[in-house]
Amino acid sequence: MFRVVLFLLLGIIARTSFSQNSELGDIRGFVYSAENGDRISMANVFVVEKSLISQTDVDGFFALPNLPAGVYSVFCFKAGYDTLFQKVNVQPGSNAKRDFFLTQIQSIGEVEISVKGKSKDAQVSVQNVNAKVLAKLPAIGAEPDLVQYLQVLPGVVFSGDQGGQLYIRGGSPVMNRVMIDGMTIYNPFHSIGLFSVFDPDMMDNADVYTAGFGAEYGGRVSAVIDVKTRDGDRNKLRTKVGVTTFTSKILLEGPIKKFKPGQGNSSFAISYRNSYLKQSSQLFYQYADPDKLPYNFGDLFVKFSANSSTGGYSKLYGFYFSDIVAFPNTTTYKWGSYGVGGKFLVVPEQAKTKVDGYFLYSNYKIEQIEKDNRPRSSDIGGFNLGMNFGYNFRRDAFKWGVEINGFQTNFQIYNSNNRKISQLESTTEINGFANYKIARKKFIADMGLRTQYYASLGNGTLEPRLQLRYMPLPGWGLKLALGSYSQNLLSAISDRDVVNLFYGFLSGPDNLPENFNGKPVTHRLQKARHAVVGTDYRLNKYLTLNIESFVKLFDQITNINRDKLFDDDEFNADKPERLKQDFVIETGDAYGGDISLKYANKGWYIWSVYSLTYVNRFDGLQTYQPIFDRRHNANIVVSYEFDKKNPTDVSFRWNFGSGFPFTQTQGFYEKYNFSDGLATDYTSSNGNLGILYGAINQGRLPYYHRLDFSISRKWRMTQGRTFNAIFSIVNVYNRANIFYFDRIRNLRVDQLPFLPSLGCNYQF
C-alpha cells in the first residue's frame, strides 16, 4: 500500500507542479568563488520583497521560480564570504539569469542579513566529508586518507590493517556502492588498510550514506560512498610533490583557458601516487617482520574540465589503480582497476529544467597465484549511461532520472575443499527514479521511488524511499528514513572468511537453491529494507550532539558455498544438494544505534563516537553472527591547530572495539581426497591436514584498542609556495591486537605494531 500511495503522490505532484502561469517569471543562476571560479554549494540567495530564499546545490545552481513581474532586491551570502547585492528585473514568462561571484573574507563586515541559511536536505544517516576534515585526523603513513576518516564514522567497522574491509551498519563490503564522480569503484581500498584509492588532494567532498539513502542511488542494499573530485586550478599552473616512508606522489594541475568572471574556462589535473612499503619496510621496519608488509600499489587519476559562461560544464576523467601483494614462498595477489567517464550539465536559457548526464565505464580484475598453479581470478567490467532532470519550485524541488547499466563477470576459484566454482555472465539493468522534496520552515521531506529492472535476470523491483526531518526548535532536529533496496552483485568470498585478500565479484547466479527455509525461491536478487530514526541537537554554536538508531532487514542474501564438497554432475546425483551447490541463500538482520558528539572552536576539533550493533545471519540451518559483528565500537578524535602564520596541527585518534566472532577448532584429522577412487591406499599414503570446526563463530577474539598520533606543520612561502612536514605513529603504545589465528601453523597473527612514519610535500 505504501508503494502505491507514494507512486500516486509523486504523479499528482509532478503533474500539478509543472502547470505554469505565463504571468510569472524566474530568477536563476550560479554562485562562484571570485578567486578561482569554484562552484559554491549551500550559498543562500534571498529575495527581500518576497522573503524568499533559495540554497545552491552541489553545482552552485539556485532557482527562485514563479515570481510576479517586477524589480527585486536580491542578496547572496554564505558564512566566510562577502555579501553581494543585485537588482533583478523579472519579466513575465521568462528567466532572469544572475550569477554571483563571492569573495572569501576573514571577518564579517558591518552589513548582515537577518536570515539564517539552513540545509534543505533531510540529512538522515549521512556524513559529508571534505579535504579540510580529513586533515583533522591523524595522518597515518604521514598522509591523510579517506579510509582513515571512514573508520571513525558511526556504525562503521574496519576488519583489519592488512586486507581489511569496511562493514557499514551490518552490511558486507559488496553491499556498499562506492563511486568516484559517478564511476563504480569495485575495490576502493588497498590491501594495506591505511590507504584508499582516492587522492585526498583531488577530493572535493564525499557523501557517506550509512542507511536509508534516497531514490537517486540504487544497486546496493546497505550503504553508499559518493566521492566527488575537484577541478584543476583555473588560474595558475601548480605542482605538488611529496614523499613519505610509505609512498611518494606528484600532482600537476593548471588552466587550459584561465578563469575570468562571466566567461568560459577550462582546466586539467593529473595525480599519481605509488607505494614502496615492501622495499622501505626492509630499511625502516625490520622489527615488524618486513615479510608481513609486502604491499605495493599505484594510483593514477586524470581530469579535464570545461565551464561555459552560461553555467553548464563538461568533464572527462579516468583512473588506473593497481595493487600487488607478494608473500614470500606462498601467495601473490594482483589486482588492477581502470575507468573512463564523462559528465555534462546543461541549463537551457528559457527552459524550467536543469539537465545533467553521464557516460561511464570501469573494470576490475584480481588474480590469486598459488603454488598449485590453479586459476583463481575475478574480472568485472561495466558501463553506466544516464540522465537526470531537475526542476525547482518556490520552496520545493522535483528530480527524476533514467539509467542503463551493463556489466560482465568472469570468475573462477577453488574453495577450501578444492572444488571449482566459476561463472561467465553478462548482465543488463534498466533503472529510473523520481524524487520530490518538500521544504518548509520546520519540515523537510524527500519522497522517492526507484524502479530497477534486471533484464538478464528477468526480475524487477519497485523501491520506495522516504526521508523526513522535523525541527520543532532552533538547533533541534528529529529525523526518519525508510527504504527498500535490491542488488544483483555478490561477493566471490564468503562472509564467514576472516581474512581473504582475494576480493572478486559475481552476478546473480542461475543455480540458486529452489527452496529456502521451506519456501520456494522466486527471484535471484538480494533485497533489504531499512528504517532509521534519530535526533540531532546543536547544544551551542560549537557543540553538536547526534543520536540515531537503525534496523536493516536482509530479506534475501546470496553467499558463496564454502562447504561445497562435490561437483554437481551425474556422478554425484545421490549426494546432498547442500554439498553440491555453488551458492547458498541466507537471510539476516542488523540493528543498533550510535551517539556522537562534535566540538569545533578556536583550533580545537573533538569528535567522539560510540556505536552498538548486532548482526545476524540465517543460512537455512542455523543462525550465526558474521565475522564483522563487532558489538561495541568507540572512537575519540582530538585535533588542535595553532600558529596561523605557519599552521601546526596535532592529532590523536583512539579506537576501542569488542572482539570479532570466530569459529573455534575442535580437532584435526588426516584428510584424503581419494583421487584414485576405491584404489586409494590410505594405509600407506599421506593425507593432508584436515580440521574439525566447532559451531560457526561461537568464539570471540580479544578486545581491540589502538592509539594513533600525527603532527604536521606547514611553512608558507612567497608566491603561494608551501612546504609541509608530517610525522605520524600507528599504534602508539604498541598494543598487540590479534588479526587472526593460523590454525595450520598454530600461530597468532597480529595487526600492525608500533609503526612511525615521516613525510613531507612541497607545493609550488
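Predicted model: local features only at pLDDT ≥ 70, side-chain atom pairs only at ≥ 80, totals over all residues.
Residues are numbered from 1 along each chain as its sequence is written, and side-chain values use heavy atoms, with hydrogens and water left out.

Back to that pair. Strand β12 (residues 176-180) and strand β15 (residues 223-229) run parallel and share 5 bridges. A quick note on terms: strands (E, at least two residues) and helices (H or I, at least four) are DSSP runs numbered from the N terminus, and two strands pair if DSSP finds at least two bridges between them. Both strands belong to an open sheet of 5 strands with mixed pairing, in the order β9-β14-β15-β12-β13. Its edges are β9 (126-130) and β13 (183-184), each of which pairs on one side only.

Strand β23 (residues 377-392) runs antiparallel to β24 (residues 397-414), and 16 bridges join them. The hairpin between these two strands has 4 residues. If you want a place to look, Phe 389 has Trp 400 in β24 as its bridge partner. On we go: β24 also pairs with β25 (residues 420-439), again in the antiparallel sense, over 18 bridges. There, Asn 405 is partnered with Glu 429 in β25.

Next, the charges. Side chains of opposite charge can pair when their charged atoms come close. I call it a salt bridge when a side-chain nitrogen of Lys or Arg is within 4 Å of a carboxyl oxygen of Asp or Glu. By that rule the count is 36.

What does Arg 440 form a salt bridge with? The partner is Asp 396, and the closest N and O atoms are 2.6 Å apart. Arg 440 sits in the loop between β25 and β26 (443-454) and Asp 396 in the loop between β23 and β24, so the pair ties together parts that are 44 residues apart in sequence. For accessibility, buried means under 20% relative accessible area, exposed over 50%, and partly exposed in between, with a 1.4 Å probe and protein chains only. Asp 396 is buried at 10%, and Arg 440 is partly exposed at 34%.

Another salt bridge joins Lys 136 and Asp 649, at 3.9 Å from N to O. Lys 136 is in the loop between α2 (131-134) and α3 (146-150), and Asp 649 is in strand β39 (residues 648-657), so this pair connects parts 513 residues apart in sequence. Lys 136 is buried, at 18%, and Asp 649 is buried too, at 7%.

Then there is Arg 700 with Asp 629, at 2.7 Å from N to O. Arg 700 is partly exposed at 35%, and Asp 629 is buried at 0%. There is also a network of salt bridges, whose members include Glu 143, Asp 145, Lys 240 and Arg 273.

Last stop, helix α4 (residues 277-284). Which residues are buried here? They are Leu 277, Ser 280 and Ser 281. They cover an arc of only 110° around the axis, so they are on the same side of α4; the arc is taken from the directions from the helix axis to the C-beta atoms. Their cover includes β18 (265-275) and β19 (295-307), with contact meaning heavy atoms within 4.5 Å.
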